[in-house]
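This briefing concerns one protein chain, whose sequence and model are shown below. Please keep both in view while reading.

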Amino acid sequence: MDNQESGKKNTKYIIADAFIDLLNQKDIDRITVKDITSACHISRQTFYYHYQDMYGVFEFQLQRSFDDLERHCIALDDPRKALRLIVKTGYENRKLIVKIQGMKTSQTMNQYATDVIEASMHHIVEKCLPEHLDLKKADLDIMVEFYSNGLYYYLIKKLSTGKYDIDQITEQLYRILTGMLIPLK
């Protein structure tokens, strides 16, 4: 990648970072292109070179967070820590995740989020499974898909209510995944 390409990529990330900084100061619906261009010291033309609109920044930042989540979860050897990372990332991105539910692209973004969680959950479930358990790939896939979708929409519900204890949720979900909460026959 040459310096010009690198600079374009950096500007895109700088804009997204400014969006997150502004999100910590004001409601997402009140953040404007002018706010971002002022924060980044760039022109409107530069903003529109990188993004079509504010939703583009929103989607880019959410995808960036989900990509980081997947990469970090897979790198962890402890399934409980990986599960905690998913729950914590949900909390850290709560404004974005709750907001996406009312957007025109919510179905696409929700699918992307559940796909990332599913990839992370594959890693977690494989670490939790007893070695003697001979599970067919199709069975593992449906179990992971079920848990991933359930986890994502459960987190959305918890984020919407404001009742979100990262450690408690992590521990309860871990017990469900490992069969300790309700041991099956």
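Predicted model: local features only at pLDDT ≥ 70, side-chain atom pairs only at ≥ 80, totals over all residues.

Residues are numbered from 1 along each chain as its sequence is written, and side-chain values use heavy atoms, with hydrogens and water left out. The chain has nine helices and zero strands, and the structure holds one cavity of 30 Å³ or more.

**Overall fold**

- Along the sequence the pattern reads α-α-α-α-α-α-α-α-α; helices (H or I, at least four residues) and strands (E, at least two) are DSSP runs, numbered from the N terminus.
- The C-alpha trace spans about 65 × 40 × 25 Å along its principal axes.
- Of the 185 residues, 37% count as buried, where buried means under 20% relative accessible area, exposed over 50% and partly exposed in between (1.4 Å probe, protein chains only).
- Contact means heavy atoms within 4.5 Å; among contacts between residues at least 6 apart in sequence, 68% join residues at least 24 apart.

**Nonpolar core**

- A nonpolar core is a set of buried Ala, Val, Leu, Ile, Met, Phe, Trp, Tyr and Cys residues joined through side-chain atoms within 4.5 Å.
- The largest such core has 48 residues, and those with the most contacts inside it are Phe 19, Ile 36, Phe 47, Leu 83, Ile 86, Met 121 and Leu 151.
- Two or more residues of this core come from each of helix H1 (3-23), helix H2 (33-40), H4, H5, helix H6 (94-100), H7, H8 and H9.
- H4 gives the largest share of this core, eight residues.
- Ile 36 is in contact with Ile 15, Phe 19, Leu 22, Ile 31, Phe 47 and Met 54, leaving aside its neighbours within four places in sequence.

**Largest cavity**

- On a 1 Å grid over the protein atoms alone, a cavity is a set of points where a 1.4 Å probe fits but cannot get out, and lining residues have an atom within 4 Å of a point.
- The largest cavity contains about 70 Å³ of space; grid points are joined across faces, edges and corners, and the volume is the space filled by probe spheres set on the points.
- Its lining consists of Phe 66, Leu 69, Ile 86, Thr 89, Gly 90, Ile 97, Ile 117, Tyr 152, Leu 155, Ile 156 and Leu 159.
- Helix H4 (54-75), helix H5 (79-92) and helix H8 (137-161) each supply at least two lining residues, and the largest share, four residues, comes from H8.
- By class the lining has nine nonpolar, two polar and no charged residues. Here Ala, Val, Leu, Ile, Met, Phe, Trp, Tyr, Cys and Pro count as nonpolar, Asp, Glu, Lys and Arg as charged, and the others, Gly among them, as polar.

**Salt bridges**

- Side chains of opposite charge can pair when their charged atoms come close.
- The count comes to seven salt bridges, each defined as a side-chain nitrogen of Lys or Arg within 4 Å of a carboxyl oxygen of Asp or Glu.
- Asp 68 and Arg 71 form one of them, at 2.7 Å from N to O. These two residues are three apart in helix H4 and are therefore separated by about one helical turn; Asp 68 is partly exposed at 31% relative accessible area.
- Glu 171 and Arg 80 meet in another, at 3.2 Å from N to O. This pair links distant parts of the chain, with Glu 171 in helix H9 (residues 166-177) and Arg 80 in helix H5, 91 residues apart.
- Glu 171 is partly exposed at 29% relative accessibility, and Arg 80 is partly exposed at 32%.
- Asp 141 pairs with Lys 137, the closest N and O atoms being 2.8 Å apart; both lie in helix H8, four residues apart, about one turn of the helix.
- Asp 141 is partly exposed at 24% relative accessibility, whereas Lys 137 is exposed at 62%.

- Asn 110 lies in helix H7 (residues 106-128) and counts as buried at 8% relative accessibility.
- Beyond its neighbours within four places in sequence, Asn 110 is in contact with Ile 100, Gln 101, Tyr 152, Tyr 153 and Ile 156.
- Ser 148 lies in helix H8 and counts as buried at 0% relative accessibility.
- Not counting residues up to four places away in sequence, Ser 148 touches Thr 114, Ile 117, Glu 118 and Met 121.

Notes:
1 Å grid on protein atoms, 1.4 Å probe; cavity = no way out; pocket = protein on both sides within 12 Å on 5 of 7 lines; lining within 4 Å.
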